[in-house]
Amino acid sequence: MATISQPDTHPAQAPATNAIIRVADAHKYYELGETRVHALRGVNVEIHRGEFVAIMGASGSGKSTFMNIVGCLDTLSSGEYFLEEIDVQRFSKKDLASIRNKKIGFVFQGFNLLSRTTALENVELPTLYAHITHAEGQRRAHEALELVGLGERKLHYPSQLSGGQQQRVAIARALVNRPAILLADEPTGNLDSRTSVEIMDVFQNLNLGGLTVVLVTHEPDISQFATRTIEFRDGRIRHDTPVKNRPLASEVLKNLPTLED
Ligand SMILES: Nc1ncnc2c1ncn2[C@@H]1O[C@H](COP(=O)(O)OP(=O)(O)OP(=O)(O)O)[C@@H](O)[C@H]1O
Ligand SMILES: [Mg+2]
């Protein structure tokens with residue numbers, strides 16, 4: 001017997017998209033005295049749980065503006081932003097800070113570590129603002145440092161660590177409150193090419209563990225370690241492409257010379 005498919009008469013009840021990030025018709029203006037910069041000009045994008053997205057695009061194309069919105073550091077001038085289907089666009093500054101603490105881990109180009117503080121203490125810091133005990137905070141800090149392969153360097157100060165190791169500390173710090181999303185704005189911008197691939201290895205492993213990762217990079221080679229690339233141009237998304245045949249950073253590392261070579 002033939003079945004007759006019913007037209008969807010209830011679009012308002014369509015299943016949730018299950019997007020962890022959903023941005024619709026997003027505009028961002030910066031007011032600078034008399035001038036107004038239109039940094040995002042109608043951005044539409046959905047990112048799903050477990051994706052690893054690389055954001056590319058020329059300087060000034062709106063990448064950091066987009067990341068700051070997604071990371072709840074700033075709000076849109078108009079448009080919609082749903083984080084785990086929560087309409088954060090309507091949140092107060094205080095509520096934004098609170099959801100940011102719970103859901104978002106940030107990594108930047110400069111590692112922004114406290115220099116007079118050990119790796120362990122740097123990683124532990126964000127747990128002081130989370131509602132967990134000191135003992136639990138310490139346990140998580142140890143765990144996060146193990147996860148990024150720095151178990152042996154917990155008591156080192158930043159000046160006693162290489163750039164790549166410092167970035168690993170920053171990644172551990174971003175993970176310590178167990179965020180839903182890791183946002184990284186040019187995390188390899190200050191690192192040599194081998195160390196950059198090492199950091200991509202860390203990101204690929206975290207992503208394989210289920211973490212959603214969004215990374216900004218200027219380097220096409222680095223973007224290929226992601227599962228999807230999005231290219232910004234003039235405040236809009238120009239290309240949005242899945243990565244085919246992406247390399248495993250751990251394999252690429254086998255063929256890259258080490259410092260000793
Ligand atoms: N706080 C701000 N106040 C005023 N204008 C800003 C501000 N932040 C960014 N802009 C402007 O918005 C536009 C987008 O900047 P954005 O930092 O998002 O670019 P980007 O793609 O991250 O560039 P880069 O690759 O150089 O980091 C640029 O024209 C920039 O000058
Ligand atoms: Mg930027």
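Of the 261 residues in the protein chain, 38% are buried, where buried stands for 20 or more other C-beta atoms within 10 Å of the residue's own, with C-beta atoms placed from the backbone. The model is predicted, so local features need pLDDT of at least 70 and side-chain atom pairs count only at pLDDT 80 or more, whereas totals for chains, interfaces and linings use all residues. Residues are numbered from 1 along each chain as its sequence is written, while chains are lettered from A and ligands numbered from 1 in the order in which they are written.

**Overall shape**
- The protein chain holds 8 helices and 10 strands, which are DSSP runs numbered from the N terminus, helices being H or I of at least four residues and strands E of at least two.
- Its radius of gyration, taken over C-alpha atoms, is 20 Å, close to the 18 Å from the globule rule for 261 residues, so the chain is as compact as a globular protein of that length; the rule is 2.2 Å times the number of residues to the power 0.38.
- Among contacts with a separation of 6 or more, 70% join residues 24 or more positions apart, a contact being two C-beta atoms, placed from the backbone, within 7 Å.

**The open sheet**
- Six strands form an open sheet with mixed pairing, in the order β6-β7-β8-β3-β9-β10, where two strands pair if DSSP finds at least two bridges between them.
- Because β6 (104-108) and β10 (236-242) stand at the edges with a single partner strand each, one side of each is left without a neighbour in the sheet.
- From one strand to the next the twist averages 15 degrees, with axes fitted as lines to C-alpha atoms (for helices over the stretch in contact) and angles running from 0 to 180 degrees between N-to-C directions.
- Strands β7 (residues 181-185) and β8 (residues 212-216) run parallel and are joined by 5 bridges, with Leu183 opposite Val214 in β8.

**Helices on the sheet**
- Helix α5 (residues 163-175) packs on the sheet and touches β6 and β7, its direction making about 165 degrees with that of β6.
- Helix α6 (residues 193-208) lies across β3 (52-57), β7 and β8, and runs at about 150 degrees to β8.

Notes
Buried ≥ 20, exposed ≤ 12 C-beta atoms within 10 Å, placed from the backbone.
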